[in-house]
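Open the model in your viewer and keep the sequence panel beside it. This tour moves from stop to stop, saying what to select and what is there.

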Amino acid sequence: MFILGIETSCDETAASVVKNGRLVLSNVVSSSLRYHRRFGGVIPEIATRHHVENIDRVIFRSLHEAGLQIEDIDAIAVTQGPGLVGALLSGISCAKAMAYSLDIPLIAVDHLKAHVYSALMQERRVRFPFIGLVISGGHTRLSLVEDFDVFKVLGDTLDDAIGEAYDKVAKILGLGYPGGPVIDRLAKKGNPHAVRFICRPINGSLDFSFSGIKTAVLYYVKDNGSRPVRNRRFSYGARITDHETRNISASFQEAALSVIVKNSIKAMEKYKIKTLVIGGGVSANSRFREMITRESMFRGFKAYFPPIDLCSDNAVMVAGVAYRLYKKGIESGLDITAAL
Ligand code: KG4
Ligand code: ZN
């Protein structure tokens, strides 16, 4: 069964054809990232315009790469939410029009469930339940996953998502947008114990909070900036050396990621589960992969990460999980709208 997936929840216009939920025939992503850079974050109107202008081209390319004609497609899958309303609607409208005109099923997909599926693409048989962890620009969520469409939320961020915290810290350090990849790279050369940033679980729950550590970084830069030799200038009026930038990056990252590792282990212990499945843009982080891999060997649990090209937003995960939903008899009506 060939499913065409469409993803437009944020700043990536993506389309992909996946056969039987596992075989990736095409993966086309057109990002509007370059237009958002100077604003230091995603501007919804710019993202939506990019989707509307590019979606046809992206879909045609994904069909071409897959070596298929539009008539070969058996079902259309589309991200229904969560995401930016205008962005979501551009993908949903296109998916509905295609499903209607081709007279094939439409399958609406939850973006977070799709992120979790991206780590399981190659698994022939998936064993439930497991703990799902989505770490992205919009979410930091732990769930008890009982089926591809049955997620019970165990812990969530109360303020900023982890990816958002990376992006804001990068902005404070003058590192540009998005911040995750550059902090990941700089932190490798920094000392994670150079600055004592604190990031703790919330009242013993499985929830997260990252706004405090972000503010701590801001005050640290303001209070400790103004250093000589090869300086950079920041909008916050502080100057900081490259060496300090690397140390702050490493210290922030270590503290923020440690709390995610701790809560994930706590969730597995609480529900006596030995499997952790991770997805979302931040799952590409090299230090996080190291931390989880070490813990999994030490504590004897199994951790699944997506391949690097499926960590950030893509349509492969949408088409993939849609197949599993379809097999369960799940289809959507043509009256669906964005689910924020
Ligand atoms: O999943 P995603 O592409 O979009 C959302 O659904 O939000 O995640 C984007 C986020 C951004 O905040 C970006 O800074 C972060 O993922 N990110 C990373 C890395 N690569 C991307 N964060 C930490 N380390 C990385 N290597
Ligand atoms: Zn995402």
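The stops below cover the domains, the metal site, salt bridges and some backbone details.

**Before you start**

This is a predicted model, in which local features need pLDDT of at least 70, side-chain atom pairs count only at pLDDT 80 or more, and totals for chains, interfaces and linings use all residues. Residues are numbered from 1 along each chain as its sequence is written, chains are lettered from A and ligands numbered from 1 in the order in which they are written, and side-chain values use heavy atoms, with hydrogens and water left out.

**Stop 1: the two domains**

Colour residues 2-117 and 311-327 as domain 1, and 128-305 as domain 2. These bounds come from an automatic or database domain assignment. The centres of the two domains, taken over C-alpha atoms, are 27 Å apart.

Now look between them. Here 17 residues of domain 1 are in contact with 18 residues of domain 2; contact means heavy atoms within 4.5 Å. About 1,500 Å² is buried between domain 1 and domain 2, and carbon and sulfur atoms give 75% of that. Buried area is the accessible area (1.4 Å probe) that two parts lose on being put together, summed over both. Select L112, V116 and C311. They supply 39% of the area that domain 1 buries against domain 2, more than any other three residues. The count of salt bridges between the two domains is zero. A salt bridge here is a side-chain nitrogen of Lys or Arg within 4 Å of a carboxyl oxygen of Asp or Glu.

**Stop 2: the zinc ion**

Which residues hold the protein donors of the zinc ion (ligand 2)? Select H111, H115 and D313: the donor atoms are NE2, NE2 and OD, at 2.0 to 2.1 Å from the zinc ion. Donors are N, O and S atoms within 2.8 Å of the metal (3.2 Å for Na, K and Ca); water is not among the atoms, so sites may look incomplete.

Along the chain, the donors follow the spacing H-x3-H-x197-D. H111 sits in helix α4 (residues 111-117) and D313 in the loop between β12 (302-304) and α10 (316-327), so the pair ties together parts that are 202 residues apart in sequence. Helices (H or I, at least four residues) and strands (E, at least two) are DSSP runs, numbered from the N terminus.

Are H111 and D313 buried or exposed? Both are buried. Buried means under 20% relative accessible area, exposed over 50%, and partly exposed in between (1.4 Å probe, protein chains only).

**Stop 3: salt bridges**

The whole structure has twelve salt bridges. Start with E65 and R61, whose side chains meet at 3.8 Å, N to O. The two are four residues apart in helix α2 (residues 44-66), about one helical turn. E65 is partly exposed at 41% relative accessibility, and R61 is partly exposed at 40%.

Next, select E146 and K152. Their salt bridge spans 3.2 Å, N to O. E146 is partly exposed at 33%, as is K152 at 44%.

Move on to E290 and R287. The closest N and O atoms of this salt bridge are 2.7 Å apart. Both residues lie in helix α9 (residues 286-299), three residues apart, about one turn of the helix. Then show D160, E164, K168 and K214. Salt bridges that share partners join these four into one network.

**Stop 4: backbone details**

Most residues other than glycine have a negative phi, and most peptide bonds are trans. Select F128 and P129: the peptide bond from F128 to P129 is cis, with omega near -5°. P129 is in the loop between α4 and β6 (130-135). Another cis peptide bond joins Y177 and P178, with omega about -5°. Find P178 in the loop between α5 (162-172) and α6 (179-187).

N20 lies in the loop between β2 (12-19) and β3 (23-31), and is partly exposed at 32%. Finish at D103, where phi is near 60°, also a positive value in a residue other than glycine. D103 is in the loop between α3 and β5 (106-110), and counts as exposed at 70% relative accessibility.
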